[in-house]
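Let's take a walk through this model together, starting with how its parts touch and then moving from one region to the next. Have your viewer ready, and follow along as we go.

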Amino acid sequence: MVQSVKRNDPCRICGKGDWCGRMPSDKGYMLHICQRIGDVSDVFSTVDGQFYVRVGTGKSGTSIFADANELKRSKDENANGKKEYFKYEEKPVTYVNTATLSSNKRLNQVYSELDKLLKLEPYHREYLHKEGFTDELIERHKIRSLPISDYYRWQRGKSNFTINRSRKAICADLANILGSLAGVPGFYQREADGGRFWTLNGRSGILFPVYDEESRQIRKRVRLDYDDYAVNYYHDDIGKYYIDNGKKYYVSMGGVKELLPDGTLQKIKDLPKYLNISSYREDTEASSEYIKVNYYLNGCESGNQLSLYMGPTDDMYCCYFTEGEKKGIIGNHFMRSPVVHIPGVNSYAKLLQPAGLRILEKLKEKGTKVLIVAFDADKATNNSVLRAEAGTVKLLKELGFSVAVADWNEKYKGLDDALLAKARGDNSVNIRYTVV
């Protein structure tokens, strides 16, 4: 029987505490079923520091891994010396209401046209300015706002303040220009009045671009603004808030906080900051084991993607590897060197997938010699980040690159924080490099 992973006992492969599972094999070793990482032969676990090898495929196409040492012991105990890997009986899965992902060329075409139809809300621009973005940098990367859903827009009526048009109107113009939007993550069709129309899924916030090795936009990621947590908002001297069951909840780019009786604000929970713009969600009521029905008609999944932030005049000798689109853009802007964004420090195995290998090959073509791993400074106290750094270093070295690790004052968590502090005159910031 498959056992679900937990937050205090996460998946050994991706490091997350949900969605994945594990089960014992008939050979005596544990099988780890990871829903997030696949298409790689081995993974260095940031959870327990062990190496895991991919030994099979699950019923729904998920990847199954086993501890390399446990596999070796199982082989040694096998009298025939035959390596027997567990593998589910594979059966085809049929996807309903799901479009085939478009080519990168088409994705770039659609997202670039979308940028022309969207605007950056003034309060989003103000936030970006505080985060170190200049207007030139904002325009260079076509950073735009994703407005609240049309449902919230309708519910709020005249109290809705936005400079963007409705998602339905924007998508109608986009479809008139480019035709069908099928196969582009985020877009899907809704049915109304006997017909269908295109619209855009996703939480409201600031849209950041994700680029491939040719600097084409292949995905959109949204930095949530939490403006779609309630229908009615009010304002006072503290800020914007809504009322739920007699309690006040204040909303800002920092999240949602409850006003406690003593006058202090407390985060109600750890909300995600960034999400993929995707138009796939399994309709569990309509789906079965081998038939997966997409809740969003003619939509498709985004998945987590690597991104290469690179300018035409960059010094290509070194390339930095970090986590987060904002860090990638800020890092590239200040250092004038390419930066690869990894979608979560535990996702470095994506560098071995086709998109990752294409990025690494492009860097080689451009003359890159040294790859610098620049994960957050909390690795000093966070073993998960430290293990991810070790795994990334090992992988990059095995691919034939010279590798270094970047460190800086723990006062500043991310690479972007350190670079911005230095640019603003903090002479205590010292970014150090260690060849490993």
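Two residues are in contact when they have heavy atoms within 4.5 Å of each other. What you are looking at is a predicted model, in which local features need pLDDT of at least 70 and side-chain atom pairs count only at pLDDT 80 or more, while totals for chains, interfaces and linings use all residues. Residues are numbered from 1 along each chain as its sequence is written, and side-chain values use heavy atoms, with hydrogens and water left out.

With contact defined, let's begin at Phe 187. Not counting residues up to four places away in sequence, Phe 187 touches Val 110, Tyr 111, Leu 114, Cys 171, Leu 174, Leu 181, Trp 198, Thr 199, Leu 200, Ser 279, Asn 298 and Gly 299. Phe 187 and Leu 114 are the residues with the most contacts inside the largest nonpolar core, which has 29 residues. A nonpolar core here is a set of buried Ala, Val, Leu, Ile, Met, Phe, Trp, Tyr and Cys residues joined through side-chain atoms within 4.5 Å. Buried means under 20% relative accessible area, exposed means over 50%, and partly exposed is in between (1.4 Å probe, protein chains only). Helices (H or I, at least four residues) and strands (E, at least two) are DSSP runs, numbered from the N terminus. The elements that give two or more residues to this core are helix 2 (104-117), helix 6 (167-178), strand 10 (195-200), strand 11, strand 12 and strand 15 (247-252). Apart from this core lies another, of 26 residues, among them Tyr 348, Leu 360, Val 393 and Leu 395.

Two strands pair if DSSP finds at least two bridges between them.

Three antiparallel bridges link strand 8 and strand 11 (residues 205-211). Arg 144 stands opposite Leu 207, and Ser 145 stands opposite Ile 206. On to strand 12: seven bridges join it to strand 11, again antiparallel, and Val 210 stands opposite Arg 219. Strand 11 and strand 12 form a hairpin with five residues between them, and Ser 215 in the turn has a positive phi of about 60 degrees. How many of the seven residues of strand 11 are buried? Seven of the seven are, so strand 11 is largely enclosed by the rest of the structure.

Just after helix 3, Gly 132 takes a positive phi of about 100 degrees.

Next, turn to strand 23. In a regular strand the side chains alternate between the two faces of the sheet. Strand 23 (residues 370-373) is covered on both faces, with Val 370 and Ile 372 buried on one side and Leu 371 and Val 373 buried on the other. Four bridges join strand 23 to strand 21 (residues 318-322) in parallel, with Leu 371 as the bridge partner of Cys 319. Strand 24 (residues 402-407) also pairs with strand 23 in the parallel sense over four bridges, and there Val 370 stands opposite Ser 402.
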